[in-house]
Amino acid sequence: MSVPQTTNANDITSVVAALASRQANRPKSKPMSGPKRAAILMLALGEQYGGKVWSLLDDNEVRELSMHMSTLGTVEADIVEDLLLEFVSRMSASGALMGTFDATERLLQQYLPPERVVGIMDEIRGPAGRNMWEKLSNVQEEVLANYLKNEYPQTIAVVLSKLKPEHAARVLAILPEDMALDVIGRMLKMEAVQKEVIERVEQTLRTEFMSNLSQTRRRDAHEVMAEIFNNFDRQTETRFITSLEEDNRESAERIKALMFTFDDLVKLDSASAQTLMRHVDKDKLGVALKSANEDVRGFFLGNMSSRAGKMLLDDMAALGPVRLRDVDEAQALLVNLAKDLAAKGEIMLTKNRADDELVY
């Protein structure tokens, strides 16, 4: 379906009528959250029609909308059409939309000053967390200690007082001993810190540390490759891993160790598993579990009520044969959703049985 390049009222009416006719012949789309609906709509509007909307949003709104846009992945054409029909709009024949970091950044650059775009994308791509202090808690302690050792002890005391105790302890242990003892003494004597002081320290960290960190930090090549492998379908992943094992077994093993796969979801704690399932479409969960092993299937069913578990099994049985590609896509959707929730601090992901959290 192409968008007529005209503002003729009859053309608009025809487009809306065509969309409504198609909608009547298919099941109603599943409910979506407001931010997700807004993200799909803005991607559909694109550069030509979305500019005025972006200019009316404040930084927090742009930041939230950008976060949702960059993690949408593939949005089915039917969903886009239903959403646009609701807003009595028109869309192009491209059908599905793909929301990525790069697409989001390119779109923002059309309407916002470069410094705003850099700040927004740095927050999205940077260490996970909903505010500066949560993000700082996800910065490697060696990196943070190396930065703080050049600051005044009082500033270090303020920063460490805002971190989680376990992270502050690791940073203190790395600082020079005399400096660490000075900081400990100041933290013991510290009274309520004025809001203005906190804001000033936070702004300094954002401009002098976090922005430089996002620009200069070079990710390990095996980490990057593990994320790429996570997005392969299983046949492609197996083919490349097998070839790589023959050529460079050490690299292959490192990549496999870094990959977070659908089977790794069984390592979620119960609260995280239930949070994940509250956010996922039950139809997608059923498809994802079609080829899952008994451990994975049992894990998800074990975190449901017996009634909900029976309904899921009935729905899976009613699905009949499912294409392997559809199963792969559904499993990738769950993995990406889990990573998104972990980045927001709503669940904890672990790659192994230890207590280390994987931050994406």
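1. Let me begin with Glu141, which is buried because its relative accessible area of 19% falls under the 20% cut-off. Please keep in mind that this is a predicted model. The side chain of Glu141 forms a salt bridge with that of Arg170, at 3.5 Å from N to O. This pair joins distant parts of the chain, with Glu141 in helix H8 (residues 141–148) and Arg170 in helix H10 (residues 165–174), 29 residues apart.

2. Lys284 is partly exposed at 32% relative accessibility, and Glu76 is partly exposed at 43%.

3. Another salt bridge worth a look joins Lys267 and Asp264, with an N to O distance of 2.7 Å. Is Asp264 buried or exposed? With 6% relative accessibility, Asp264 counts as buried, whereas Lys267, at 26%, counts as partly exposed.

4. Next comes helix H16, residues 270–279. Its buried residues are Ser272, Ala273, Thr275, Leu276 and Met277. In general, residues three or four places apart in an α-helix point the same way, because there are 3.6 residues a turn. The cover over the buried residues of H16 includes helices H17 (282–288), H18 (294–302) and H20 (324–343). At the start of H16, a side-chain oxygen of Asp269 comes to within 3.1 Å of the backbone nitrogen of Ala271.

5. On to the aromatic rings, where the count comes to three pairs by this rule. Phe299 and Phe300 make an edge-to-face pair, because their planes stand at 80° with the ring centres 5.5 Å apart, and an angle over 60 degrees counts as edge-to-face. Phe299 and Phe300 are both buried. Which residues do the ring pairs link into a cluster? They are Phe262, Phe299 and Phe300.

6. One last item for your list is a charge over a ring. Arg239 lies over the face of Phe240, at 4.9 Å from the ring centre.

Notes:
Residues are numbered from 1 along each chain as its sequence is written. This is a predicted model: local features need pLDDT of at least 70, side-chain atom pairs count only at pLDDT 80 or more; totals for chains, interfaces and linings use all residues. Side-chain values use heavy atoms; hydrogens and water are left out. Buried means under 20% relative accessible area, exposed over 50%, partly exposed in between (1.4 Å probe, protein chains only). Helices (H or I, at least four residues) and strands (E, at least two) are DSSP runs, numbered from the N terminus. Contact means heavy atoms within 4.5 Å. A polar contact is a pair of N or O atoms within 3.5 Å; within protein, one must be able to donate a hydrogen and the other to accept it, and residues adjacent in sequence count only if both atoms are side-chain atoms. A salt bridge is a side-chain nitrogen of Lys or Arg within 4 Å of a carboxyl oxygen of Asp or Glu. Rings of Phe, Tyr and Trp (its six-membered ring) pair if their centres lie within 6.5 Å; planes under 30 degrees apart count as stacked, over 60 as edge-to-face and the rest as tilted. A charge sits over a ring if NZ of Lys or CZ of Arg is within 6 Å of the ring centre and within 35 degrees of the ring normal.
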